[in-house]
Structure formats: structure tokens, C-alpha cells
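Here are my notes on this one, as promised.

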Amino acid sequence: MGRWALRKRFNTASSPVREALNRLLSEGFVALEEQKGFRVAPVSAEELKELVKTRCWIDGLAIRESIDRFDLAWEENLILALHHLSRTHRGETGQGESSEWESRHKDFHLALIGGCGSRWIKRISGQLFDAAERYRLLALEQVLERNELQEHRDLVDACINRDADRAITLLQHHYAQTFEAITNTP
């Protein structure tokens, strides 16, 4: 769909469409092809593997730092984010997830690293989450034999108990489970 079609579809001027496409380009969600314009960026197992590895590095570092800097505000935000996530209906298998659940899920992951003290790390973690979410949504129909809520609870328990090594191991396992589900989708 060209810029003109997007302008018409969203009943807006050229500038907002151009600005949105450039932002999507900078975040890797669209690609610019010579003489053809913007296209949805391709996905690949190799890119996802690198993305998961990078998330493990960045979020692992942020969790360790959050635990080292442990304070009551971080603990409360983390517990509250888990509580909100656990009380939000995810959606039916094959029907897609609710936008509220998706928002609560992101809030949880940002709360997990939220005590690190670095807004740059938080910003990068949020961008990596969004990039990974694109892949996760592509494999949404895949039925997972796992209890993600329990994985989230275990992460919180490790953080509250100030066990950074366990928290990072659990996080890596959590991301690896999602990677496996996505890459094994037919």
C-alpha cells in the first residue's frame, strides 16, 4: 500500500504518513526498496535468534542491576505489574490476544527491568520487546505447552529473593521457550 493509499485510508496529510513510515523504518518494521517504496520488513529465524540473544543480554544486565539496586518502589511496581497481568484475560486460542493483555504483558517486562536506573537500557529494552512482539504475534496460533503466568511468577520470586543468577536463568528460559514456539510454527 502506497503513501497515497495510506493517506486516504487514514484520512490524513502526507507529513504524518511520511513521519510514521520513517519511524517504522528506523525501528526495523518496514524496509525501503529503491523505486518501490516502503514494504513490511521481512522476518527470519536468524534475525529472531539474534534478537532473543540481545534481549537476554540487555534484560539480564538490567535485572541484575535492578536487584543490586533493590528498593521497595521497584518491588511494588513489579508485584503490581504481575498482579495486573494475572488478572487480565489473554484471549481465546486461535482468536488472538486482547490488546489489554498485550499492554499488561509489556508493562510486566518493563517493570522487571525497571529498577536498573538507566533510562537508556529501559528504552532499548522496550524497543527489543516491540521487535520480539512482532515475531510472537506471527506465531500466535501456535498452542504452547507452557504456563507463561507461572514463568512470570517465578521471575518475580527470584527478583524479590534477590537471586539475580536465578532470575537471569529464568528469563533466558522464558525467552527461549517463546523462540522455540515461534521457530517451530508450521
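**Notes on the model**

1. Let's start with Glu 148, which sits in helix α7. Helices here are DSSP runs of H or I with at least four residues, strands are E runs of at least two, and both are numbered from the N terminus. Glu 148 counts as buried because its relative accessibility is 9%; the cut-offs are under 20% relative accessible area for buried, over 50% for exposed and partly exposed in between, with a 1.4 Å probe and protein chains only. Setting aside neighbours within four places in sequence, Glu 148 touches Arg 90 and His 174, where contact means heavy atoms within 4.5 Å. Its C-alpha atom is 9.6 Å from that of Thr 178, 30 residues away along the chain.

2. Before going on, the ground rules. This is a predicted model, with local features needing pLDDT of at least 70 and side-chain atom pairs counting only at pLDDT 80 or more, while totals for chains, interfaces and linings use all residues. Residues are numbered from 1 along each chain as its sequence is written, and side-chain values use heavy atoms, leaving out hydrogens and water.

3. The overall layout: the chain has 8 helices and 2 strands, and from the N terminus the order is α-α-β-β-α-α-α-α-α-α. Of the 186 residues, 37% are buried. Among contacts with a separation of 6 or more, 67% are between residues 24 or more positions apart.

4. How do α5 and α7 pack? Helix α5 (residues 99-112) and helix α7 (residues 148-160) meet at an angle of about 20°, with axes 11 Å apart; the axes are lines fitted to C-alpha atoms, for helices over the stretch in contact, and angles run from 0 to 180 degrees between N-to-C directions. That makes the pair roughly parallel, given that angles under 35 degrees count as roughly parallel, over 145 as roughly antiparallel, 65 to 115 as roughly perpendicular and the rest as oblique. His 105, Phe 108, His 109 and Leu 112 of α5 make the contact with His 152, Leu 155, Val 156 and Cys 159 of α7. By class that is 5 nonpolar, 3 polar and no charged residues; Ala, Val, Leu, Ile, Met, Phe, Trp, Tyr, Cys and Pro count as nonpolar, Asp, Glu, Lys and Arg as charged, and the others, Gly among them, as polar.

5. Now compare the α5 and α6 pair. The axes of α5 and helix α6 (residues 119-138) come within 10 Å and cross at roughly 140°, so these two are oblique to each other.

6. Beyond neighbours within four places in sequence, Ser 66 contacts Trp 74, Leu 112, Ile 113, Gly 114, Gly 115 and Cys 116.

7. Last, the cysteines. Cys 116 is buried because its relative accessibility is 6%, and Cys 159 is buried at 0%. How many disulfides are there? The count is 0, taking a disulfide as a pair of cysteine sulfur atoms within 2.5 Å.
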